[in-house]
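Please examine the sequence and the structure shown below. The briefing after them is arranged by topic.

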Amino acid sequence: MSDQSPVIGIIMGSQSDWETMKNAADVLDALNVAYETKIVSAHRTPDRLYDYAKTAKSRGLKVIIAGAGGAAHLPGMAAAMTPLPVLGVPVQSKALKGLDSLLSIVQMPGGVPVGTLAIGSAGAKNAGLMAAGIMALMDDGLASRLDDWRAAQTDAVADAPVDPAP
C-alpha cells in the first residue's frame with residue numbers, strides 16, 4: 001500500500017474474503033494507488049458498516065470496493081449509505097459457487113447502484129482496475145501508469161501458440 005492517504009476503500013464481510021479481495025489490493029499496489037482495507041460485516045457489524053459508509057467521503061475516499069459472499073448485503077448496504085461509487089465483488093460461496101453472491105449484489109433496486117464485477121478473484125482484480133480507472137480520470141500520473149499496465153498485459157500475449165516441452 002502507498003504512503004499517500006487512501007482514496008479507495010476495500011471492505012469485505014469476513015477474514016475469509018481476504019483471499020479473494022487481496023486481488024484488488026494487489027492491482028492497486030502495482031499501480032501505486034493508496035487504499036485501506038477493513039472487515040465490515042453487514043450482518044455481524046452493522047454499526048461498523050454504518051460508520052464506515054457514512055464517513056468514507058469525509059475521510060477522503062473516492063471509491064469503495066466491497067466484497068461479500070452468500071447473502072452478500074455489504075455492497076448494497078454500503079451503496080445505500082454513501083454517495084461514492086461502490087464496486088461489488090461477489091465472493092465465491094461453498095453452497096452455490098458464488099451465484100448467490102452475484103445475484104445478491106447485481107439485483108439492486110433502481111436508484112441504489114452497485115457496479116457488479118465477476119465472481120471471485122477475477123472480479124476483485126477487475127474491481128481494482130475499475131477503481132483505478134475511475135481515479136485516473138482525475139490523476140494524469142495514474143492514467144499513465146494504467147496505460148502502461150494495459151500495454152504490458154497486451155505485450156505478454158504471444159503471437160502464436162507453442163508446443164509444451166516434452
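Predicted model: local features only at pLDDT ≥ 70, side-chain atom pairs only at ≥ 80, totals over all residues.

Residues are numbered from 1 along each chain as its sequence is written, and side-chain values use heavy atoms, with hydrogens and water left out.

**Helix packing**

- Helix 1 (residues 18-30) packs against helix 5 (residues 121-136) at an angle of about 35 degrees, and their axes are 7 Å apart.
- Helices (H or I, at least four residues) and strands (E, at least two) are DSSP runs, numbered from the N terminus; axes are lines fitted to C-alpha atoms, for helices over the stretch in contact, and angles run from 0 to 180 degrees between N-to-C directions.
- Helix 1 contributes Thr20, Met21, Asn23, Ala24, Val27 and Leu28 to the contact (heavy atoms within 4.5 Å).

**Nonpolar cores**

- A nonpolar core is a set of buried Ala, Val, Leu, Ile, Met, Phe, Trp, Tyr and Cys residues joined through side-chain atoms within 4.5 Å.
- Buried means under 20% relative accessible area, exposed over 50%, and partly exposed in between (1.4 Å probe, protein chains only).
- The largest core has 25 residues, and Met21 and Leu28 are among those with the most contacts inside it.
- Helix 5 gives the most to this core, with seven residues.
- A second, separate core has 20 residues, including Ile11 and Val114.

**Salt bridges**

- The whole structure holds two salt bridges (a side-chain nitrogen of Lys or Arg within 4 Å of a carboxyl oxygen of Asp or Glu).
- Lys22 and Asp26 form a salt bridge at 2.8 Å, N to O; both residues lie in helix 1, four residues apart.
- Lys22 is partly exposed, at 37% relative accessibility, and Asp26 is partly exposed at 35%.
- Arg59 pairs with Glu36 in a salt bridge, with the closest N and O atoms 2.9 Å apart.
- This pair links distant parts of the chain, 23 residues apart, with Glu36 in strand 2 (residues 35-39).
- Arg59 is partly exposed at 35%, whereas Glu36 is buried at 17%.

**Positive phi angles**

- Ala72 has a phi near 50 degrees, a positive value in a residue other than glycine; Ala72 is buried, with a relative accessible area of 4%.
- Lys97 has a positive phi of about 60 degrees; Lys97 is exposed, with a relative accessible area of 62%.
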